[in-house]
Amino acid sequence: MNRILLLFTLLIFFSTAIFAQPSKKTINHTVFPNWKSIESWKITDDGKWLVYEANPAKGDGALYILNTESGEVDTIPRGVRPQIAPNGLFVAFMIEPQYDTLRAMKLRKVKKEKLPTDSLGVFLLNSDSLIKIPKVKSFQMPDTLRSYLIYVSSEKSMDKATPMKNGWWIFQKKHEKTTLLEETKYKGDDLVWYDPIIGKKQIYKTIEDFKMSRFGDKIALIRNEDAVKKPVCDIRLLDADSLKIKTVFADTGVINRFSFDYHANQWAFLFSADTVKKNKIFDLKYGNISLDDSTLLIADTSSNYKMAGMCPTVNGSLAFSKDGLKLFFYISEKPRQESKDTLLEDEKYQLDLWSHFDEYLQPQQLLRARWQPKETYQCFFHVERKEIIQLENELLKKPSIPNYGNANRALLSVDKPYRKMQTWDGYYADYHVMNLFDGSEEIVLQKFQGNVSLSPEAKYVLYYSSEKRSWFVYDIEARRHTNLTKDIPIAFYDEDNDMPMLPSSYGLAGWYKNDKYVVVYDQFDLWKLDPTGGEEPVNLTHNLGRETKTRFRVMSFDKNSRFLNDNTARALYAFDKVTKDAGIYHYDFESEALPQKLIMSNHSYRGFSKAKSADVYFFMRGNFQEYYNLYMADSKFRKISLMTDVNPQQKEYNWGTVELTKWTAYDGTELEGLIYKPEDFDSTKQYPMIVYFYETYSDNLNLHYIPKPSHSTINFTEYVSNGYIVFVPDIRYKVGYPAQSAYNAIVSGTEFMKKFSWINPQKIGIQGQSWGGYQVAMLVTMTNIYACAEAGAPVANMTSAYGGMRWGSGVNRAFQYEKTQSRIGATLWDSLDLYIENSPLFFVDKVQTPLLIMHNDKDGAVPYYQGIEFFNALRRLDKTAWLLVYNNDDHNLMKWPNRMDLNIRMRQFFDHYLKDEPMPQWMKNGIPAREKGKTTGYSVE
């Protein structure tokens, strides 16, 4: 009896304890800075050490160094940008100043030069010890098994040079008397060679620039004198092992753009002896280890280019081919000295002249001029033949030379005849193959739209014809085009394409050695194709992808791998189109056996990496409920270990769940969508719902969303945490009718959701940004089922937006309507009725839904005046509407304060209309211009 009583008492106690547990916290903007993201993660070659950053959205993060065998972790506050030494003995990284300290000093208006600077951190893995070096700007490590690093000190250094032996400061000019340069002041920073394992340092004063060779055996130290007249400069090569130093060039002038070849046996740089301050003329100089410390002039204003008046330019890179036989450089028109300005600024006119024959519109020209002040043309110097071949000219552009530049053929394009039509019809070009022995060329494709590439050994030109919906090769020797996929009864084009343009391919997987085979994708599988057309195509994945609706794509674990069959570690990334699960399959390109599943789960995966010398794999995976933490797995993926837990506080908050759903749209199409619910969902209650959408979203079932301020859209996690249901329907479009297509999918999906008893049909809102914002604006003219709506950067008037600009790229927007996302498929003058039918501005009188609009005054994608047009019409008709204009911010908000502000206002807007929260002052009374920046209007009475 007593035992029964005791058991009953305990049962009551535990039941009371369970039901008395406090409810979890809800997420709002105040907790955003608490959530961290993993960044810059790296592993040692043996997989024993894992290094990663975990940084909050705002404030100080930390660097973590984890021993994967023992599980021990070392934490370095504010450590960033880590690199692991190639020999695996230490980790180097920067240490930033404390965020709060720096912020406080900036508030006190402390001068920039007095603010705290970064430090260098070095963590010795074997001794578990940390070394800190203050006032460091940057550091660099070699790629090979050496134990040193180079760092640049931020201490000011303008030391006088001391004459030294071995001719450090001796001119290397022929026919001139050798002169010793004394008491020379150089500009630059102190550069330090440092081996933390043995604790040895070597300091090199006033280095303006340095270049480390690929294998780290040599370092070029470059100095330019801080003088206006006849500045002196030099290049010294430092042997990184012996620390012996040797001057290979010294002269009066300026050095720029130094480059080593692959093995550091050759080098090149630009040099100018000009005494002018601006627009210097540069020569291209060349040196190698057998030239006995002298350099050769290989290109200048007198070189034999195809175009007159050219010279080497600093507005382009210098690089050797991997075999060292070609030195690539750029030329441009010889600089001209500008005449002395005789006008005051207020005496000059300011004009952009738009002309009907311009190849590019003026905004695009201005952006191009900012990115590239001068038109440049690539050439190369053949080291053995001692000749210059000019690759580019006024027509031929964008040379592509495979095999790290070793190939003796180049693919180039000519788009000049088609530049004007790019405004409305996409990119077209003619494609040429150039023989790099003699510079001769042949045209391979004309007015072609699509991806074109050379095979790795430059035997073939590979291209996908959207018009014929097939993969082709052009055999350069045989001068023959071959359709490789015409006899395969499978689509190699995007079967879901619903834009008014020819569908693109599913992409290229890669090539076999010696250009033996090329592998391409269909929607699900991989196909091996013989470029000669002699062998039958082979489905490498044995049709497993199509049979199981699983999409396979090649993954490589070796960044230097060039061929699919080169015996490097590879796998297939798999995505199940039905369940939305993802994972990894083993595949051997030698045996071509059936892919073998290693892992499939209800996660999305990121950043697979394999340890170089161990059979262990590292990756990130997550889903809506799990953050993308790091995991380690064995080669069979049978043992998977969680390595990190960067957001343990998540368990304290009411999170959410997500599920896949299906319904039938009004036109009979079966559609998919996502339903996000609160973690504490109760089917006996009714919830407000927000409908968000952007094209198709259902494949994102297993994405994770950390709480963070909005760039432009609702944060699913925040809203479900606060008692909302979020519904995300897929949309399928009919060309010419984007508005009706949106209605067909979104409204039918909303009505489908309203059938659930746990949805409050009177409390449904809608939200979208950009293309989604346009559809929100359109839908509120077509239906009144939504209690409120938020439209970000909406196009309100397609007739005016058609002729408008994408200011971020400088291109006209016509192509969007005729060929891509806006899906009209015709010009304004050919189908004016469609432009009007799909423009919310012309139906604004039908709007009954309270509407919040965001459109920012530096929007680079959708013209800002579109939001103004729509708001002015709503205001004129006395509709309930607000327009948020964030100053000097883009299409999607980039500035943290603006993002936080939008997050707060959008929540207040939806909370008012969908949860009956009091209306905040900014919604009730607005914010007068005189109060701008002084009051937020967040408060409620």
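Select Arg-469 first: at 36% relative accessibility it counts as partly exposed, a class that runs between buried (under 20% relative accessible area) and exposed (over 50%), using a 1.4 Å probe and protein chains only. This is a predicted model, in which local features need pLDDT of at least 70, side-chain atom pairs count only at pLDDT 80 or more, and totals for chains, interfaces and linings use all residues. Residues are numbered from 1 along each chain as its sequence is written, and side-chain values use heavy atoms, without hydrogens and water.

Arg-469 sits in the loop between S32 and strand S33 (470-475); strands here are DSSP runs of E, at least two residues long, numbered from the N terminus. Its phi is near 55°, a positive value in a residue other than glycine. Most residues other than glycine have a negative phi.

Next, select Ala-458, in the loop between strand S31 (452-454) and strand S32 (460-465). Ala-458 also has a positive phi, about 60°. Is Ala-458 buried or exposed? Ala-458 counts as buried because its relative accessibility is 2%.

Now go to the second largest pocket. Select Ile-43, Asp-45, Asp-143, Lys-559 and Lys-612, which lie nearest its centre among 36 lining residues. A pocket is an open set of points on a 1 Å grid over the protein atoms alone, where a 1.4 Å probe fits, with protein on both sides within 12 Å along at least five of seven lines; lining residues have an atom within 4 Å of a point. The space in this pocket is about 1,200 Å³, counted as that filled by probe spheres set on the points, with grid points joined across faces, edges and corners.

Finally, colour strand S1 (36-43), strand S5 (79-84) and strand S43 (604-610): each supplies at least two residues of this lining.

Terms used
Helices (H or I, at least four residues) and strands (E, at least two) are DSSP runs, numbered from the N terminus.
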